[in-house]
Amino acid sequence: GAPAQLYGADRLDANTLLPVYFTEGELDVVAMHDLGWRGNVVSGTAGAGTWKDEWLDELEPYKHFVLCYDADDSGEKGANMLAAKLGRDRCSRAVLPRKDAGECIAHRVEVEQVRRAIAIAKPMSGARVVPLSYYAAEIEQSIEEPDRLIGYATGSSNLDRCLGGDRAGLTVVTGDSGAGKTTFTAWQAWERARAGIPVLVSAFEQAPRRFAEKLLRMQLGREFTGATKEERDAAWVALDAMPFYVIAHQGRLSYDDLAATIRYAARRLDVRWVLVDHLGYVQDQETRDSVRDIEKIVQGLALMSDRELGVCVWLVAHPSNMNIAQQRRVQMGDLKGASAIRQEAFNVIVVERKAPSPSRAYPSTTLHLDKVRAEWGLAGSSCTLAF
């Protein structure tokens with residue numbers, strides 16, 4: 001029959017700039033004390049769902065509250081209720097290594113682990129703020145896995161110098177019609193698969209079979225109709241031994257369906273490199289605002305590739321014909337939704353077919369790196385390849 005108390009209130013520090021830590025019960029206050037938090041830890045006396053508004057008077061002067069409630073439904077509900085009372089802008093949600101402070105002690109969790117969990121408590125409004133060392137483990141892992149830091153090799157040392165390696169994120173490839181965008185990106189897909197990197201490609205404009213023909217030519221090193229049946233069979237065996245997958249679809253595909261397919265391939269097939277050829281077949285033809293639709297697609301692919309899945313996504317995009325009227329090569333600004341591409345894409349590569357030259361006995365194409373985000377790449381550089 002005794003009235004509920006704010007347990008630990010007698011140990012609130014007079015310095016109101018110090019954070020106040022909330023737990024679900026009195027024993028967790030004691031456990032936090034044993035873990036090193038000697039004051040400013042409080043709790044209601046009947047679990048996460050208990051709150052008395054008169055306690056607000058004691059807490060109102062404090063600027064920041066860390067809610068160390070259990071990571072279960074009742075804990076989440078109690079934390080949200082408490083944050084609404086205290087002000088969500090003043091509250092952060094900490095998830096301890098174990099269910100609560102008491103279990104951290106029972107399972108002998110290192111105090112440093114508990115401190116780290118509290119240090120990276122997620123604000124209940126706005127974005128999370130963390131110390132720089134929060135990224136130390138991720139950076140160490142990237143050093144152990146050079147492909148994540150330096151990026152995949154492209155198959156051309158000249159292109160590697162310009163691009164700085166191919167890493168997770170969105171790369172946009174553009175150029176005039178017939179410049180060689182599909183040939184270039186198909187070769188890049190083949191190079192990744194040859195290196196053992198699982199690849200997923202789309203061929204929405206041309207039939208998937210036509211894309212397969214390109215890969216067969218690459219594997220044989222010549223036109224496949226001039227090879228023997230035995231040579232073609234051997235080439236198919238070699239191609240099937242690579243982690244190479246094709247989306248069996250021609251024509252338009254909604255962005256939501258494309259995104260779901262990429263997520264499936266990344267989850268089930270461990271795909272790490274994706275080619276979308278091309279943007280026009282993912283656009284919503286019913287929309288009245290095509291630029292906004294392109295922005296949605298570009299932003300979605302950029303976020304999914306870099307932050308969600310950690311895969312490389314190469315997106316082929318066709319330019320307007322402005323460059324033809326102005327008699328110049330295609331530039332990043334010639335693309336619809338160019339502002340979103342300039343902002344979101346990691347790399348923008350413009351493919352320009354070179355005119356035949358008496359001094360050059362082979363066909364050639366120049367790749368212009370109009371945008372390169374990698375620190376060791378060369379934005380504005382270019383290289384010429386023989387294709």
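User: Hi! In what order do the strands of the open sheet run?
Analyst: The order is 2-1-3-4-5, five strands with mixed pairing; strands here are DSSP runs of E, at least two residues, and helices are runs of H or I, at least four, numbered from the N terminus. Two strands pair if DSSP finds at least two bridges between them. This is a predicted model, where local features need pLDDT of at least 70 and side-chain atom pairs pLDDT 80 or more, while totals for chains, interfaces and linings use all residues. Residues are numbered from 1 along each chain as its sequence is written, and side-chain values use heavy atoms, leaving out hydrogens and water.

User: Which are the edge strands?
Analyst: Strand 2 (41-43) and strand 5 (122-123), each pairing on one side only.

User: And in what sense do strand 3 and strand 4 pair?
Analyst: Parallel, over three bridges, with strand 3 at residues 65-67 and strand 4 at 91-93. Ser 92 of strand 4 is the bridge partner of Val 66.

User: Switching topic: which residues touch the most other members of the largest nonpolar core?
Analyst: Phe 184 and Phe 244, out of 40 residues. Such a core joins buried Ala, Val, Leu, Ile, Met, Phe, Trp, Tyr and Cys residues through side-chain atoms within 4.5 Å; buried means under 20% relative accessible area, exposed over 50%, partly exposed in between (1.4 Å probe, protein chains only). Helix 9 (residues 181-194) gives the most to this core, six residues.

User: Nice. Is Ala 195 buried or exposed?
Analyst: Exposed, at 60% relative accessible area. Ala 195 sits in the loop between helix 9 and strand 7 (199-201).
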